[in-house]
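Good morning, and thank you for making time on the agenda. Please look at the sequence and the structure as I bring them up.

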Amino acid sequence: MILLETAATQLVAAALVGITVLVLLITKFKLHPFLSLIIGSMLVGGIAGLPLKGITTSFTTGVGSTVAGVGVLIALGAIIGRLLADSGGADQLVDTIVNKATPAQIPWAMALVGALIGLPMFFEIGLVLLIPVIILVTRRSGQPLMRVGIPALAGLSAMHALVPPHPGPLAAVGLLKAELGVTLALGVLIAIPTIAVAGPIFSKFAARWVPVGAPELFVSANGDESGHSGIAPRQPSFGITLTTVLLPVVLMMGKALVDIFLTAGTPTRDVLDFIGEPLVALLITTLVAIFTLGTGSGMTRQQISDTVGNSLPPIAGILLIVGAGGGFKQVLVDTGIGTMLADWISGSPVSPLLMAWLVAVMIRLATGSATVATITAAGILAPVAAAMDPTHAALLVLAIGAGSVFFSHVNDAGFWLVKEYFGVSVAENIKTWSLMETVLSVTALVGVLLVSLVV
């Protein structure tokens, strides 16, 4: 690591200028976060005093290590999510859960649907899948749109913010050197009450503030309703679909458990440690999904091949942002800025978990991107995590994830997607979607802080 004896003021100036330029490029000049992160990294390195060659070396090293550790996992997650959609497995999960719910249980059922759909899928893909379901369930049940939609969106957003293998939490796990299994287990634990508060409970208020019904979407010319998204001739069963969705979670959590309860070096622990590695767990799940969701639903080999191929181009932008975020992090580390900030935070009376949340909140409000907020905050907090045990490093990841979804507003693409699909005004969307994200963020932070008191 390159550590330069540069004055603290110069390092502070480098960090402030770099992050400010990063934010302005994304928000005011609408430059893609990938390019903005590169420029921000160059500025940080230059102002902090790194030699020109050292700046590029530092950045490319960070990009390489991040993509190597996270890129393949994101790609495998995208394949599983696309197989779930094209096979009709997502529809099967939704239909089974919603059809068994009473009117009073509908908001809770939709929260569960959002969480299950959100577990293997990226936010944007999950949102596109959920919107027809939300609108159709609203129309069939006769309940207010927000009573049905807010719980589903809360389930989806909580998974996106707190639970790997979503890009933000996954990248933060790598940047902060946290244990993936521990982060996954604690993320699910904290997500459950968070979804309950931000979803079914908050939706009661959202439905009063914005009492609207389902918009006229997903209705064909002859009046039929259709939310089916699959291309397979038949849907896989509910049990098979749910088992496939939960398989990587079980494998990765299994690794965390055997590391606690079994002696190192035993054959059983070695095997479970291997299959619980994120790469192996997601690879196994991908191969299983090809058979359970692909072949099992009647898809041809060509259709399965097309589904796998079509799942990869949409994640190119995500991979580039994540990689550039890793490069930005490495520049912060190599200039000594990260160590300086870590010393300041460690000496502060404020909890590092709360500081991590605040840093992510500020970047989220400025850029509108949960992924950029997570990666940038994780890069800044990386030296802090180095002094933590695995459990508290995992909680640091979750605190950053909680902050990354705080108050979605007009600079967030998700804000406009929800507004347009729901057919509400900007003010109405702020009263519902934006406040739901804020409640979710604060509730998750409270959960992180409470867990930190007992572990």
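Let me begin with a definition: helices here are DSSP runs of H or I, at least four residues in length, and they are numbered from the N terminus. Please keep in mind that this is a predicted model.

How many salt bridges does a search of the whole structure find? The search finds three. I shall take them in turn.

I start with helix α11, which covers residues 267-275 and contains R269. The side chain of R269 meets that of D273 in a salt bridge, at 3.3 Å from N to O. Because D273 and R269 are four residues apart in helix α11, about one helical turn separates them. As a general point, an α-helix has 3.6 residues a turn, so residues three or four places apart point the same way.

Are D273 and R269 buried or exposed? Both are buried. For R269 the relative accessible area is 15%, and buried means under 20%, so R269 falls in that class. Leaving aside residues up to four places away in sequence, R269 touches V258, D259, L262, T263 and A264.

Helix α3 itself deserves a word. It runs over residues 52-86, 35 residues in total. From its first C-alpha to its last it reaches 48 Å, close to the 51 Å expected at 1.5 Å a residue. Where does α3 bend? The bend is at V67, and it is about 40°. Just after α3, G88 takes a positive phi of about 85°.

The remaining salt bridge joins the side chains of E437 and R364, again at 3.3 Å from N to O. This pair links distant parts of the chain, with E437 in helix α20 (residues 426-454) and R364 in helix α16 (residues 352-367), 73 residues apart. Both E437 and R364 are buried.

Thank you for your attention.

How values were computed. Residues numbered from 1 in each chain as written. Predicted model: local features only at pLDDT ≥ 70, side-chain atom pairs only at ≥ 80, totals over all residues. Heavy atoms only, no water. Helix = DSSP H or I, 4+ residues; strand = E, 2+ residues; numbered from the N terminus. Expected span 1.5 Å × (residues − 1). Bend = angle between axes of the 7 residues up to and from the residue. Buried < 20%, exposed > 50% of the residue type's maximum accessible area, 1.4 Å probe, protein only. Contact = heavy atoms within 4.5 Å. Salt bridge = Lys/Arg side-chain N within 4 Å of Asp/Glu carboxyl O.
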